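Morning, everyone. Please bring the structure up on your screens, and we will walk through it together.

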Amino acid sequence: MPLLSWLLPFVLLALFQFPTGWSLKNHHGKRMFQTNQTTCALFSGTWVRDDTYPLYKYSDCPLIDAEFNCQMYGRPDSDYLKYRWQPHDCVLPRFNGLVFLSKMRGKHVMFVGDSLGRNQWESLICMISASAPKMQTRMSRGDPLSTFKFVDYGLSVSFYRAPYLVDIDMVGGRRILKLDDIHSHGNAWRNEDVLVFNTGHWWSHKGSLQGWDLIETGGKYYKDIDRLVALDKGLRTWANWVDNNVDTTKTRVFFQSISPTHYDPTEWSARATTVATKNCYGETAPMTGTAYPGTYPNQKRVVDEVIGEMHAPTYLLDITMLSELRKDGHPSIYSGGLSPAQRAKPDRSADCSHWCLPGLPDTWNELFYAALFH
């Protein structure tokens with residue numbers, strides 16, 4: 001490898017370092033990235049073609065779950081792997097796994113939330129591993145906790161499954177979603193150095209996909225309540241837990257904003273109609289523009305409001321807009337576990353909720369990397 005190419009990540013790191021004592025600001029969902037005396041909104045920008053991507057190959061990262069492993073399960077196109085997020089007023093420092101390992105030596109990083117958090121967790125492990133493929137590692141999978149250890153650096157990167165963040169208890173064979181209680185889960189998060197939370201998708205599930213039987217709040221039980229009200233109550237319980245239990249002089253707290261889905265082609269195609277196939281099958285390129293093309297998710301407004309009122313500095317990884325443009329990034333029918341009959345009916349089987357790996361979550365982690373170190 002030419003010397004200049006080897007040095008480039010470290011040159012970029014030097015360029016994007018902040019003065020000692022600089023701290024992240026938290027003001028009603030607005031997160032800024034400062035570089036060379038200018039101000040850059042990290043999450044406002046465009047997708048640009050970059051043939052140096054992806055940052056790793058699926059075949060070199062065997063931990064990728066089947067539901068995210070699009071190339072392994074037959075996705076025929078690869079252009080969706082060749083896009084880089086370009087903020088309007090600055091350039092993201094390129095992710096460097098060795099730098100991550102060095103700066104996080106002996107630390108514990110934990111992703112907490114639903115399968116979108118697992119998507120990002122697996123992406124980060126793959127990105128780090130690509131920089132040190134012969135490093136000694138150890139994987140422990142469980143429910144709710146799975147942990148990947150980079151043994152040589154004493155770094156643990158974990159995923160804790162808690163789709164609602166708040167607790168769910170089994171009482172008399174029924175699942176009780178406890179909007180006012182988080183202590184059962186929270187005890188597992190106390191000693192982490194970095195916490196990355198997410199929630200959203202499970203709050204709107206109904207029917208067989210609904211994850212609870214009764215909701216408990218204010219000492220009363222309900223078969224159902226307004227889902228945005230439930231999300232707001234649950235998030236405020238989480239926010240109060242962070243405010244009262246996390247020492248932010250020792251622990252960095254992040255929240256990944258709502259990850260959009262792409263089941264409605266009318267969001268990106270003027271030719272689509274209400275009777276159009278409701279999925280993302282066959283989409284191979286991002287949307288263009290900088291305005292939100294679909295209906296802005298009300299869940300995102302709840303997240304913004306709750307985080308904006310927190311006392312503990314909590315950095316919002318505001319990936320909603322930039323992810324909305326990536327209708328091409330979902331597994332669609334190229335996901336493990338689908339039968340040939342299911343693949344033949346993408347209008348019923350396409351996954352337009354999760355994201356392919358390699359793919360969009362790698363960008364989430366590049367933004368995480370920039371926010372964590374710069």
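Let's start with a pair of strands. Strand E10 (residues 174–178) and E12 run parallel, joined by three bridges. Two strands pair here if DSSP finds at least two bridges between them. Helices (H or I, at least four residues) and strands (E, at least two) are DSSP runs, numbered from the N terminus. Within this pair, Ile176 stands opposite Leu214 in E12.

A word on the source. This is a predicted model: local features need pLDDT of at least 70, side-chain atom pairs count only at pLDDT 80 or more, and totals for chains, interfaces and linings use all residues. Residues are numbered from 1 along each chain as its sequence is written, and side-chain values use heavy atoms, with hydrogens and water left out.

Back to E12. It also pairs with strand E13 (residues 220–222), antiparallel, over three bridges. Thr217 has Lys220 as its bridge partner in E13. E12 and E13 make a hairpin with two residues between them. Gly218, in the turn, has a positive phi of about 60°.

Is strand E12 covered on one face or on both faces? Both: Leu214 and Glu216 are buried on one side, Ile215 and Thr217 on the other. Buried means under 20% relative accessible area, exposed over 50%, partly exposed in between (1.4 Å probe, protein chains only).

Next, the seven-stranded sheet. It is open and mixed, in the order E6-E7-E8-E5-E11-E14-E15. Strand E6 (137–140) and strand E15 (314–317) are the edges, each pairing on one side only. Inside the sheet, strand E5 (residues 108–113) and strand E11 (residues 194–197) pair in the parallel sense over four bridges. Met110 stands opposite Leu195 in E11. Helix H10 (residues 360–373) packs on this sheet and touches E5, E11, E14 and E15. Contact means heavy atoms within 4.5 Å.

Now the aromatics. Rings of Phe, Tyr and Trp (its six-membered ring) pair if their centres lie within 6.5 Å; planes under 30 degrees apart count as stacked, over 60 as edge-to-face and the rest as tilted. That rule gives 19 aromatic pairs. One of them joins Tyr160 and Trp189, edge-to-face, at 5.9 Å centre to centre with 85° between the planes. Tyr160 sits in strand E8 (residues 155–161) and Trp189 in the loop between helix H4 (183–186) and E11, 29 residues apart. Tyr160 is buried at 7%, and Trp189 is buried at 0%.

Last, the disulfides. A disulfide is a pair of cysteine sulfur atoms within 2.5 Å. How many does a search of the whole structure find? Three.

Cys61 and Cys126 form one, with sulfur atoms 2.0 Å apart. Its S-S torsion is about -85°, so this disulfide is left-handed. Cys61 lies in the loop between strand E3 (45–49) and strand E4 (83–87), and Cys126 in helix H3 (residues 115–131), so the link ties together parts 65 residues apart in sequence.

Cys70 and Cys356 form another, also with sulfur atoms 2.0 Å apart. These two cysteines are 286 residues apart. Cys70 is buried at 0%, and Cys356 is buried at 0%.

Cys280 is joined to Cys352, S to S 2.2 Å. Both are buried. With -95° about the S-S bond, this link is left-handed.

Conventions. Axes fitted to C-alpha atoms, helices over the stretch in contact; angles between N-to-C directions.
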